[in-house]
Amino acid sequence: MEIAIIGAGPIGSYAGYLLAKSGHNVNIYERKKEIGKPVQCTGIFTSDFDGFSFLNKNKFLVNTINKTEINFPNGSKIAVNQKEYVVCRTKFDNHLANLAVTEGAKIFLQHSFIRKEGENLVVKDLANDCEKEIKPNIVIAADGPLSSVAKAYGFYHHQRQHNYGVQALVGGNFDSNTVQTFFGKDIAPGVFVWVVPESSTMARVGLATEKDARKYFEKFVQNKDYELLEMQAGTIPIYHPSQELVKDSCYLLGDAAGFVKATTLGGVIPGMKQAEALVRCLNDSDLDYEEELQPIISRLKLHLKIRKVHDRFSGEDWEKLATYSNNPKVLKLLNTYTRENVTTLFRKIIWAEPRMLYFSKYLGEFL
Ligand SMILES: Cc1cc2nc3c(=O)[nH]c(=O)nc-3n(C[C@H](O)[C@H](O)[C@H](O)COP(=O)(O)OP(=O)(O)OC[C@H]3O[C@@H](n4cnc5c(N)ncnc54)[C@H](O)[C@@H]3O)c2cc1C
């Protein structure tokens with residue numbers, strides 16, 4: 001089967017690798033000259049990343065972290081002991097692209113999807129300033145949050161919601177084993193500020209909001225002892241349950257499909273899992289794509305619900321959450337379950353700290 005993948009981000013390349021390995025004829029079209037540049041990602045992954053054990057982490061790993069500090073708006077904080085990986089996105093994206101090529105996929109750099117003409121796609125060779133028509137059996141739109149392929153195929157019929165992420169690579173003094181997060185409406189409405197250390201002298205500091213991200217970012221870093229080394233920014237889609245994922249032999253994947261956790265805005269692991277589900281289904285027509293996606297979608301839906309609650313959190317809610325979270329039994333659970341497993345975590349937390357039932361006033365969001 002001839003498959004065209006638009007976008008050699010991590011998800012397009014990973015899908016390309018899996019498909020080429022299964023024997024398909026895979027062409028990946030990437031509009032940029034270089035894969036993985038510019039960086040528009042913090043590159044922090046939960047320990048669920050261990051599931052992709054065939055990846056050679058040494059090729060792209062920058063730091064491994066074992067602790068996350070959650071700083072509440074009232075100044076109190078808790079520490080959660082969880083393993084996190086910090087990767088160099090340029091190296092990570094290239095590693096996946098190289099794996100795809102090793103399995104036989106072809107990557108066409110500086111080739112941009114332009115439009116759809118009937119059954120054909122028009123791709124522009126930017127280096128030679130000429131257009132080409134291609135007619136693959138299957139098209140995979142892995143062209144990121146503002147996917148032109150999805151638009152051309154008429155996928156975006158609802159109001160797509162996005163956040164805008166702003167981050168900087170900064171010099172300073174950091175605990176290289178601890179991620180710092182800062183919550184509160186005045187700090188980063190809807191999400192949080194993250195300080196992710198690459199080492200004891202360098203960190204990635206960022207936040208994402210629906211609007212004014214830059215303003216909140218500048219407010220956070222002012223008066224901090226940081227040396228700003230490089231600014232990075234990018235659009236992040238918010239998962240939408242009614243997003244169609246397949247149409248006319250075209251499949252949306254990764255950010256193009258909005259497969260991003262609405263709470264933490266992490267998209268790499270959900271996108272890679274979605275790519276695996278798609279490849280399983282393309283290789284075995286007895287499998288049902290919706291069914292294969294169900295475990296990922298139910299997690300994304302839960303993250304969306306939590307985000308909606310987070311958006312409504314009052315000062316009193318934050319106070320109570322800070323107090324109730326500081327219970328050793330709750331902390332033990334937070335140390336045990338990653339944010340990829342929030343359903344189990346929530347259930348256990350209610351048993352461990354019944355005062356958390358105070359938050360049942362938000363139960364409506366979950367029904
Ligand atoms: C500031 C910020 C911080 C983030 N931090 C994290 C994090 O710590 N952890 C995490 O898991 N996620 C994070 N994310 C989200 C993560 O970056 C995305 O979920 C991930 O990159 C999605 O991969 P993708 O391959 O779907 O899309 P992308 O990485 O966006 O790749 C899409 C590719 O398609 C190409 N393309 C676009 N249009 C065309 C076209 N017309 N023709 C050809 N090629 C095209 C692009 O050049 C690009 O290479 C962050 C995002 C931002 C903005």
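A residue is buried if 20 or more other C-beta atoms lie within 10 Å of its own, exposed if 12 or fewer, and partly exposed in between, with C-beta atoms placed from the backbone. By that rule, 38% of the 367 residues of the chain are buried. This is a predicted model: local features need pLDDT of at least 70, side-chain atom pairs count only at pLDDT 80 or more, and totals for chains, interfaces and linings use all residues. Residues are numbered from 1 along each chain as its sequence is written.

Start with the overall fold. The chain has nine helices and 19 strands. These are DSSP runs, numbered from the N terminus: helices are H or I with at least four residues, strands E with at least two. The C-alpha atoms fill a box of roughly 60 × 45 × 35 Å along the principal axes.

Now look inside. A nonpolar core is a set of buried Ala, Val, Leu, Ile, Met, Phe, Trp, Tyr and Cys residues joined through C-beta atoms within 7 Å. The largest one has 84 residues. Ala15, Ala141, Leu207 and Leu253 have the most contacts inside it. Helix H5 (residues 268–283) gives this core its largest share, eight residues. The core lies between domain 1 (1–37 + 88–160 + 243–283) and domain 2 (44–86 + 162–237), because both give residues to it. The domain bounds come from an automatic or database domain assignment. A second, separate core has five residues, including Val80 and Leu333.

Contacts come last. Two residues are in contact if their C-beta atoms, placed from the backbone, lie within 7 Å. Among the residues that Ala141 touches are Ile6, Val149 and Leu253.

Definitions and conventions:
Lists of a residue's contacts leave out its neighbours within four places in sequence.
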